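Open the model in your viewer and keep the selection tool ready. We will go step by step.

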Amino acid sequence: MPLTAEAPPPRQDSADGASTAPLAEARRVSRRRKALRPYLLSVPAVLLCAGILYPFFLGVSYTFFDFSAQNPQPDVVGFENFATILASDEFWASARVTLLFALSATALETVLGVGVALLLNRSSLIDKLFERVLIVPLMVAPILAAIMWKLLLLPEVGWIRPIAEFFGVTGYNGTDSPVMAMVWAIVVDAWIFTPFVAIIALAGLRSLPKSPFEAASVDGASWWLTFRKLTLPMLWPYLLVAVIFRLMDNLKMFDVIFGLTSGGPGDATTTLQISAYLEAISYARYSRGLTYMFLLWALVFVISMILVKYLRRIQDRAAGV
Amino acid sequence: MATIDVRSVRKKFGKLVALDDVSFSVNDGEFFCLLGPSGAGKTTTLKSIAGLVQPDSGEVWLAGQDAGDIEPNHRNLAMCFESYALYPQHNVFDNMASPLRSPVLRLPDDQVRERVGRTAEMLGVAHLLDRGVDQLSNGQRQRVALGRVLVRPANAYLLDEPLSHLDAKLRTSMRAELKRIAHGDLMTTTVYVTHDYVEALSLADRIGVIKEGRILQVGTPQQVWDTPETAFVAQAFGKPRISFVSGGLVSDNGTIRFISSDGAITVPVPHVEAAAGEPVRIGIRPRDLTLYTGAGPQPAGHERLDGVVYVLEHLGRQTEVTVRIGESLVSVVAPRNDVGGLTVDDKVSLLLDPARVHVFGDSDSDDGRRLSR
Amino acid sequence: MGPTTETTTEPMAGPATSAPAPAKQPPTSGSTANQRKAQRGSATGLLANLALVLYFAFSLLPVLFIVALSLKTNAEQTTTYLWFTPTLENYQTVLGLGDGGSSYVRFFLASLATSTGAVLVSLLIGIPAAYAAARYRFKGSEDLMFTLLSFRFAPELVVIIPLGVIYQQIGLYDTIFGMVWVLQLVTMPLVVWILRSFFQDLPAELEEAALLDGYTRSQAFLKIVLPLVRPGIAAVCLLAFIFAWNNFIFPFTLTSGDAQTVTVSSLAFLGGNQVRFNLVAAGAVMAVLPPLVLALCIQRYLVRGLSFGAVKG
């Protein structure tokens, strides 16, 4: 402890000299210990990561076995799981469904989200009210949202059938047809997550500088031209964040599809996550399910790495670095 | 109170070299000014002394011992940050009381009140003690930040541009106040960072001029003014700035003369430490020149330079006259009366005492090292 | 941008050169132009409002529907009528107030316990890590941050299957603690990333000033930094809680009874011999309420939270 703690608190300036600490008494902390500080703070988080990564790598190792409920003492089969799955039509069908769902849903959410954000950015009274309501779907658990929509779409219970009939649609059958099942799955996903894109786009819009827009308005530029040449490029760094989150989430979306269609009818909405779930949990073929999952994981990981790198470049450029 | 020794400190931030072999020492009770343009490494130097920046190499010694392993909170230094660094959740009083209540001092409440009150009074912020930091102007924030330093006894005060955000009048009075504190009965060792040469000259016992992470010169105000070690140091002091003329040295019957590149200016420079033929530049301070109107005899020992008026700029009772001599521009400050009816392109003559001419090398690689004795 | 400015500045040249002509009757020409603009403005404004109303009808339709359904009697549950006598019977049944045969309350408490536990663990581990990542440049810092981020983006089943095996072996299957652990995948990246952005917003000189005032590093953190990021921490807590609460796949696959949460239990009424849509609806309404109420408290921080600090909002 420094001596100052013992020194009598000085009343007058002239006595101050007595209270300054002789440095010899100062506690010393070596450079090495100082350098260690951030690591010490991170140790718990690293341990936690290790605790999560261990099962992950265990899971990856299972892909080289023939592990299942019927075969609890598995043997190494090398790349056989990968070979059979990559050769199967089911896998490629699932992959197609996954991409179709993820890309369409992300596109729909982005377009709708930007639209809603533009509408809400006029800051009239109605906008303020709606902004509060906007996030409601986002806070509903996706599985519950799917169940709500499932009931809403049921011909004998839900309100969609009467609405469809009001507009003269005949032969409404909910999610019974393969095409409509996919369409509704995308709609439900968009119902939940459009607000996510919208609030991020809205935050972006509100942070844009005013002067370029005033200049464009003085120049008499049309709304569409201003949007295309000014708003969209300036909004892009924000939008990209939203798009990355949505695309990553939609590639692995489970709750919405499971709750709404469970992958049906047939395999019309069976994404890779659903396939993996069926393989691993329903049929208890763990190794096969994990192989599905590992392939999806690799896809998501690669895409996310590329997008995050791209995002950093865009943000650096936006920040003027 | 303590001495401060900065020994060959180097610091890089990524690729940027912030400090490049910085060395200087500050004596016990001395008021030391670190003068330099922004980005010169002044703040980094201050933070190295405080222990907030870990030097890549080199050492900081406090009170005669290596402070490398001493934590900032045990160095007993008080620092005033250029960004103020006031605690936004506390009011002015609590901000200023913070060091007094810290485990290092832990003064009783009545003494905290007494000291904070006295310091606030001195800095003219006594009426603001109950205010939140966000309710203050920048000038008030800066005074509170300074108060947080002056309120406490310390081994040394580290002040980073503590007057930069005050208005001109307040700055002058605060400067006087600081001088009183610094040279009064307290005599706390102080390192004062500034980019304002007037502050440095008026406050400092000694000045260190820093540029691009390197100390160019350390000396008393008299030394850095009279014998600037480099052209940069010469330029750092004085307004209007020192005028530079590039040219070469020639030997003329044993005495060495300076001749400007275009031959229009020639001055004997007997005290130079360089051989004839070397490219040099001379520096002439505007106040070392006098305007020669032709009336009266030309004083002995003075050189006469003839040129034409290029620009006239009135500075109150004085006028800065920029005179074009050949292709060189030389500034002179003259009493307004002497300038009288002068207008642009009028012919004028300047008188110069050769002893007051500064000679510097003319290469940028050595910042224009001083060549005159 | 080059061509745009050229074409758009072109019309400006016209009126400027013919300035004297409109000067004769400036009030009329000016006001008609303004009127036209105002008319166009109100027309597009009307369209915009219409579009908004349509979107919000779409947005609220399922919510209104599920609330209505939850108030219907058994006899009316398979009708699409809007006109019915509302009853709270379903809520009573779900909560087991009538016959005491429902385990919904237990599920609800399990949700509460797992979510709260997950948030607390994440905070305890995440605050130091986020602070270190925000304040120090050190080897591996970015690796740690991106490892955490990759948890957010990884398909959950990749860890669920091996974790299920491990949990069965060490007895964590269907336990609150097991759920708290696996939910770190959800809450931990959120907490660390958002808090880092809050810490980064604070100038480091505040802590440096506190150090020089004579406080230790931990005192500087507790006295200066923590109070300033308290709103951020509160927001992160609530957001992490919401995400933990709303999670489905982990409790669905790694619990069977004791630690089962409300999101999973809502499926229970769908299965079985007798489908009770109105009970499903009542259960869903109650399960949705807590996150919704919490979300309204932190609306200001929602953008930053949901984007992991990437958008400040």
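Two strands pair if DSSP finds at least two bridges between them. Strands themselves are DSSP runs (E, at least two residues), as helices are (H or I, at least four residues), and both are numbered from the N terminus. Residues are numbered from 1 along each chain as its sequence is written, while chains are lettered from A and ligands numbered from 1 in the order in which they are written. This is a predicted model, in which local features need pLDDT of at least 70, side-chain atom pairs count only at pLDDT 80 or more, and totals for chains, interfaces and linings use all residues. Its scores are ipTM 0.86 and pTM 0.83.

**Stop 1: the sheet in chain B.** Select β15 to β19 of chain B. They form an open sheet of 5 strands, in the order β15-β19-β16-β17-β18, with antiparallel pairing. β15 (289–292) and β18 (328–335) of chain B stand at the edges with a single partner strand each, so one side of each has no neighbour in the sheet. Neighbouring strands are turned by 45° against each other on average, direction ignored; the axes are lines fitted to C-alpha atoms, and angles run from 0 to 180 degrees between N-to-C directions.

**Stop 2: β16 and β19.** Select residues 303–315 and 347–352 of chain B. These strands, β16 and β19, pair in the antiparallel sense over 6 bridges. Find B:Leu305: its bridge partner in β19(B) is B:Leu350.

Stop 3: B:Leu315 has B:Gln318 as its bridge partner. The two strands form a hairpin with 2 residues between them, and B:Gly316 in the turn has a positive phi of about 65°.

**Stop 4: two faces.** Show the side chains of β17 (residues 318–325) of chain B. Which ones are buried? B:Thr319, B:Val321, B:Val323 and B:Ile325 are, and they point to one face.

**Stop 5: the next turn.** β17(B) and β18(B) run antiparallel with 8 bridges. B:Ile325 is the bridge partner of B:Ser328. This hairpin also has 2 residues between its strands, and B:Gly326 in the turn has a positive phi of about 60°.

**Stop 6: confidence in chain C.** The chain's mean is 80, and 82% of its residues reach 70 or more. Helix α1 (residues 2–17) is lowest, at a mean of 36, and helix α9 (residues 204–213) is highest, at 94. Where pLDDT is low, the predicted coordinates should not be read in detail.

How values were computed: A residue is buried if 20 or more other C-beta atoms lie within 10 Å of its own, exposed if 12 or fewer, and partly exposed in between; C-beta atoms are placed from the backbone. pLDDT is the predictor's confidence in each residue, from 0 to 100.
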